[in-house]
Amino acid sequence: MTWRMLTPHELMTSQTHLVYNSVAARKSTSTTEQLTAQDFWRLRHAQMREASVLKYGDAVQGAGWEATITAMTAAAIKFELLFTSCQNIAKLDLSIKESGEGPQDNKGGAFILYNCARLATLFKHYQEDVQAGVYPDLPDIGSVDFSLLKEEEEWELLFNYILPYPDLVQGTVVDVNKTRAKILTHQVCSFLIALSRDLSSYYRRVRVLLEPRAHLLPVMFARLHLLKGVQQVMHNGLSLLGIQPLAQM
């Protein structure tokens, strides 16, 4: 706020403040010392690195991975704080476990980023195959036959997440006046976690990029457009929380 006051073109900026309750430790740490904000960041950063190494092994090294882990850490912390209703105390788990892993709920933001990266990689591979002449360009959505989607999870993604998303966002803004606001960020967090879980289950079970045969292409196009809708919802939800999606892991 001080910086904006010192900037001439920002003098007339209108601001609305989202007021949150206090932040407290949910569990005691393994030491008797009080953790600072910097200690909290280092703790979550170490947990994100540990989780990445367990999943990807020796590939986790270099500037690219450091940037990814830093982004995952920021997402995890933002998500952890915003996952609590603004009326309640945000209780953080500061326990330091021997394995270096933190509680699962602290990984919500990272889990969503992982699924965003999955979709980004999927569409990247599709575009590479289009350029290589394997697949034709993705047709306009108006020419796609969505009745070819036969999997129950596909319709759940549509009716449980894509279609009701605008109403969800509108419902999270409870009260906004000239100076203060009450926004239910925890509802967006819960929505994104549920969407990521269902997307992950669908993605593991159903193959999206099929053989480049004429009778299989219409099904593939319908699935790609469905997942483009899912991707747009996830990116929008993360943007509302101030989290930048990852293009790859």
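Begin by selecting Arg-42 and Asp-39, which are three residues apart in helix H2 (residues 37-56) and therefore separated by about one helical turn. Helices here are DSSP runs of H or I with at least four residues, numbered from the N terminus. The two residues form a salt bridge, with their closest N and O atoms 2.6 Å apart. A salt bridge is a side-chain nitrogen of Lys or Arg within 4 Å of a carboxyl oxygen of Asp or Glu. Asp-39 is partly exposed, at 22% relative accessibility; buried means under 20% relative accessible area, exposed over 50%, and partly exposed in between (1.4 Å probe, protein chains only).

This is a predicted model, in which local features need pLDDT of at least 70 and side-chain atom pairs count only at pLDDT 80 or more, while totals for chains, interfaces and linings use all residues. Residues are numbered from 1 along each chain as its sequence is written, and side-chain values use heavy atoms, with hydrogens and water left out.

Next, select Arg-44 and Glu-80, whose side chains meet in a salt bridge (2.9 Å, N to O). Arg-44 belongs to helix H2 and Glu-80 to helix H3 (residues 63-82), so this pair links distant parts of the chain, 36 residues apart. Are these two residues buried or exposed? Both Arg-44 and Glu-80 are buried.

Move on to Glu-211 and Arg-207, another salt bridge (3.6 Å, N to O). Glu-211 is partly exposed, with a relative accessible area of 36%. Then select Glu-151, Glu-153 and Arg-205 together to see a network of salt bridges. The count of salt bridges comes to seven.

Now turn to the aromatic rings. The whole structure contains six aromatic pairs. Select Tyr-126 and Tyr-135: their ring centres are 5.6 Å apart and their planes lie at 25 degrees, so the pair is stacked. Rings of Phe, Tyr and Trp (its six-membered ring) pair if their centres lie within 6.5 Å; planes under 30 degrees apart count as stacked, over 60 as edge-to-face and the rest as tilted. Tyr-126 is buried, with a relative accessible area of 1%, and Tyr-135 is buried at 7%.

Continue to Tyr-161 and Phe-191, an edge-to-face pair with ring centres 5.4 Å apart and planes at 70 degrees. Tyr-161 and Phe-191 are both buried.

Terms used
Helices (H or I, at least four residues) and strands (E, at least two) are DSSP runs, numbered from the N terminus.
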